[in-house]
Amino acid sequence: MKRRTLLSLMAAAPVSSVLTACGGGSDSGVSLRLLNASAGYDSLDLYVDDDVEVSAVAFGEVSSFADTGGTDFTTTLKRAGSTTSLLAQTRSLDSGSDYTMVAYGWEGSLKSILITEDEDDADSGEAKVNVLHTAPDAGSIDVYLTAEDDSLDDATPITSSLAGAASSAFSAVTAGSFRLRITAAGDTTDVRLDVTGLALTSQQVATVVVTPGGGGVLVNALLLVQGGAVTAFMNTQARVRVVAATTDNAVVSATADGASLGATARSSTIGSYTLITAGTAVAVVVAVAGSSYTSSQAIAAGSDVTLLVYGEATAPLMQLLADDNRLPTDTTKFKIRLVHALARLDANLTLTLDYSAVASEVVYGTSSAFSSVTANSAAQITVTSALSSTPLYSATDVSLVAKGIYTFFMMGAADASTLAGVLRMDR
């Protein structure tokens with residue numbers, strides 16, 4: 001019985017890894033195919049040395065096998081139709097074997113892992129499945145395959161505490177149809193993916209490839225059958241939090257398609273994320289100081305969103321802000337942005353850290369882009385506007401840790417005691 005292992009490869013660019021899994025390449029070389037699991041590239045070409053072997057593989061799709069004609073060569077990934085190299089790696093592989101190259105990562109940070117497809121078939125009536133985690137922003141995860149109505153409290157994961165860019169050992173399961181649930185490691189209440197209809201047949205060998213959602217926390221999955229097809233299981237949910245930021249400390253509550261978005265909160269309060277069913281026309285109802293306001297909102301599956309309720313309590317405004325909860329790529333830095341929800345101020349806002357502007361001219365009711373800044377255990381934070389010679393907010397000795405994600409909210413009213421500046425660590 002063979003087992004899937006991770007092997008280091010010598011590479012000209014970032015080093016890939018090899019995961020073991022059945023196949024049989026040509027006698028003179030290897031057979032290689034491409035699975036596009038990259039959230040950053042819609043379509044990829046695969047070159048072996050200078051020749052394009054696989055063309056225009058869309059996200060969530062796997063190509064046919066191509067014969068490399070040899071065992072020592074360089075693989076290069078490019079955008080479909082482009083001549084610019086995204087990732088080039090020198091490889092020395094086993095003659096007569098089949099491999100799937102899994103391309104993953106966000107735009108600008110493309111990576112790959114090789115799956116060697118030589119895992120022995122499962123026993124009759126069973127299937128063998130393992131997990132490849134290509135969504136490191138989501139953190140370590142637990143993965144469950146259960147019956148439709150099984151509680152996770154009584155379930156055992158097929159893998160637990162699986163870190164990003166790692167793969168699990170194979171698990172044998174009775175062939176059938178499963179509900180796939182992925183949670184944060186050790187927390188069955190923090191569900192990152194919940195889908196049904198994942199079918200595993202007798203003697204089948206398959207890999208669940210975990211891919212990132214747009215917000216960085218929720219995930220999707222691709223079921224890759226050894227030597228066979230791939231099936232996508234995309235998230236249908238999004239995470240939404242309510243930020244109560246109106247004047248007069250008004251009480252705010254909200255629902256999405258009838259589901260509560262958290263406890264009723266008094267301005268200025270930043271709520272926690274709640275899972276909702278995503279869609280192009282989500283009915284959002286906001287109640288402020290006893291009056292209700294209804295709108296239809298497009299909320300993308302896999303996203304993290306802030307529902308900002310701001311302005312005068314008697315005539316509140318509402319804005320959906322896209323939250324980028326992907327972790328900083330530089331382990332010495334954090335990400336920070338400014339949200340301007342400060343009423344009764346006819347001016348834009350600027351956020352300064354240690355006398356350097358990290359968000360400038362932020363318009364009322366909007367958010368700045370995130371800035372990446374070196375971690376600081378004693379930072380000075382200042383928020384200013386062109387209409388005031390003194391800061392609207394200032395604080396010293398603020399700890400901003402590496403790999404943290406922060407949003408600074410300016411809320412309430414500029415001419416009242418309800419003016420509030422709140423720093424929230426989103427992750």
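Here is a short walk through this structure, from its overall build to a few individual residues.

What you are looking at is a predicted model, in which local features need pLDDT of at least 70 and side-chain atom pairs count only at pLDDT 80 or more, while totals for chains, interfaces and linings use all residues. Residues are numbered from 1 along each chain as its sequence is written, and side-chain values use heavy atoms, with hydrogens and water left out.

Let us begin with the whole protein. It has 37 strands and zero helices; here strands (E, at least two residues) and helices (H or I, at least four) are DSSP runs, numbered from the N terminus. The C-alpha trace spans about 80 × 45 × 35 Å along its principal axes. Of the 427 residues, 51% count as buried, where buried means under 20% relative accessible area, exposed means over 50%, and partly exposed lies in between (1.4 Å probe, protein chains only). The accessible surface comes to about 17,400 Å², and carbon and sulfur atoms hold 48% of that area, computed by the Shrake-Rupley method with a 1.4 Å probe.

A165 sits between strand 13 and strand 14 (171-174), and has a positive phi of about 70° although it is not a glycine. Is A165 buried or partly exposed? Its relative accessibility is 35%, so A165 counts as partly exposed. D248 also has a positive phi, near 60°, and is a residue other than glycine. You will find D248 in the loop between strand 20 (237-246) and strand 21 (251-256). D248 counts as exposed because its relative accessibility is 52%.

S151 lies in the loop linking strand 12 (141-146) and strand 13 (159-162). With a relative accessible area of 34%, S151 is partly exposed. Its C-alpha atom is separated by 9.5 Å from that of T188, 37 residues apart along the chain. S268 belongs to the loop between strand 23 (265-266) and strand 24 (269-270), and the peptide bond leading from S267 to S268 is cis, with omega near 5°.
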